[in-house]
Amino acid sequence: MEARNLSARYGQVQALAPIDFQVGAGELVAVLGPNGAGKSTLLRAILGLVTNAGEVAFMGAALPRRNPVAVASRGVVLVPEGRGIFGPMTVMENLELGAYRLKDRHERQRRFDRVFELFPRLKERLGQTAGSMSGGEQQMLAIGRALMADPKILLLDEPSLGLAPRVTDEILETLGVLNRSGLPVVLVEQRAPQALKLAHRAYLLSLGRLVAVIDPREVQSHDQLAQYYFA
Ligand SMILES: Nc1ncnc2c1ncn2[C@@H]1O[C@H](COP(=O)(O)OP(=O)(O)OP(=O)(O)O)[C@@H](O)[C@H]1O
Ligand SMILES: [Mg+2]
């Protein structure tokens with residue numbers, strides 16, 4: 001994926017200054033930065049969920065800029081902030097929604113199997129309502145539902161939000177597994193140290209601007225990372 005001069009605004013307020021942003025084949029790219037930095041806005045701009053300008057190309061062809069459904073059907077799938085699962089519906093129903101347009105029963109089963117392999121806990125809870133699951137399980141469900149759409153690139157907005165460190169580690173580990181299987185990932189995270197362990201590259205945003213592109217191998221310490229944040 002290659003974004004050039006991508007910017008976004010809410011009404012008159014520019015929330016993201018023009019940014020160049022790349023995700024190579026098989027890469028996991030982290031987007032870091034404090035509250036209000038523009039991280040979610042960047043993901044929304046890629047999807048076309050917010051008024052934006054600039055270009056985004058994916059797998060060699062331009063993505064439509066004002067048509068989130070068309071962008072999603074190109075395999076660009078977002079796991080939004082707050083997960084966006086349907087609480088009163090069961091785990092099974094939520095997963096099925098991820099592949100609602102798919103007719104092929106075998107392909108559907110293949111996708112279910114893959115999700116259950118990554119998140120065995122979902123398989124044990126297929127009949128449970130999504131809203132009655134723990135925060136970590138709900139995040140697993142949100143990722144599982146995204147995978148049911150068979151993404152070509154997966155965008156995640158703070159999957160660790162509100163989760164205990166152990167659950168966060170489990171989820172980030174699974175994202176690492178997915179990425180190593182070849183799926184490109186864009187991971188918005190506030191927990192920079194954990195994200196940097198997985199990332200091939202990180203973009204640091206602050207106040208709606210790109211302030212640094214970080215090579216995780218060059219970050220030696222938390223102090224150094226803090227310098228980026230407060231630069
Ligand atoms: N719907 C909206 N209408 C107006 N302004 C918005 C809207 N959504 C976000 N903003 C503003 O855009 C800026 C960037 O917000 P964004 O949600 O992208 O930040 P973020 O980095 O994702 O923060 P957080 O870590 O808190 O999720 C903020 O100043 C925010 O107030
Ligand atoms: Mg956000």
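Predicted model: local features only at pLDDT ≥ 70, side-chain atom pairs only at ≥ 80, totals over all residues.

User: OK, ligand first. Which residues come nearest to ligand 1?

Analyst: Asn35, Lys39, Ser40, Thr41 and Glu81 come nearest, out of 14 residues around ligand 1.

User: And how do those 14 residues of the shell divide by type?

Analyst: Four are nonpolar, six polar and four charged.

User: Which element gives the largest share of the shell?

Analyst: That's helix H1, with four residues. H1 covers residues 39–47.

User: What about the backbone, say at Gly36?

Analyst: A polar backbone atom of Gly36 is 2.8 Å from an oxygen atom of ligand 1.

User: How much of the ligand's area does the protein bury?

Analyst: The protein buries 60% of the 630 Å² that ligand 1 exposes when taken alone.

User: Switching to the sheets. What's the strand order in the six-stranded one?

Analyst: The order is E6-E7-E8-E3-E9-E10, in an open sheet with mixed pairing. Strands E6 (76–79) and E10 (209–214) are at the edges with a single partner strand each, so one side of each has no neighbour in the sheet.

User: How much are neighbouring strands turned against each other?

Analyst: By 20° on average, ignoring direction.

User: Zoom in on E9 and E10: parallel or antiparallel?

Analyst: Antiparallel, over five bridges, with E9 spanning residues 201–206. Leu205 stands opposite Leu210 in E10.

User: Which helices pack on that sheet?

Analyst: H1 is one of them, touching E3, E6, E7, E8 and E9, and its direction makes about 145° with that of E7. Helix H7 (residues 165–180) packs there too, with contacts to E3, E7 and E8 and an angle of about 160° to the direction of E8.

User: What's between E9 and E10?

Analyst: A loop, and Leu207 is in it. Leu207 has a positive phi, near 50°, though it's a residue other than glycine.

User: Now the other sheet. How many strands form it, and in what order?

Analyst: Four strands, in the order E2-E1-E4-E5, as an open sheet with antiparallel pairing. E2 and E5 (61–62) are the edge strands, and each pairs on one side only.

User: What packs on this one?

Analyst: H1 again: it touches E1, E2 and E4 (51–58), and its direction makes about 110° with that of E1.

User: How are E1 and E2 joined up?

Analyst: Six bridges join E1 (residues 2–10) to E2 (residues 13–22). The two strands form a hairpin with two residues between them. Tyr10 stands opposite Val13 in E2, and Arg9 has Gln14 as its bridge partner there.

User: Which residue in that turn has a positive phi?

Analyst: Gly11, at about 60°.

User: And where does Asn5 lie, and what's its phi?

Analyst: Asn5 lies in strand E1. Its phi is positive, about 55°, although Asn5 is not a glycine.

Methods
Residues numbered from 1 in each chain as written. Chains lettered and ligands numbered in written order. Heavy atoms only, no water. Pairing = 2+ DSSP bridges. Axes fitted to C-alpha atoms, helices over the stretch in contact; angles between N-to-C directions. Contact = heavy atoms within 4.5 Å. Near = heavy atom within 4 Å. Polar contact = N/O pair within 3.5 Å; in protein donor to acceptor, adjacent residues only side chain to side chain. Areas by Shrake-Rupley, 256 points an atom, 1.4 Å probe, with all protein chains shown as cover. Nonpolar A, V, L, I, M, F, W, Y, C, P; charged D, E, K, R; others polar.
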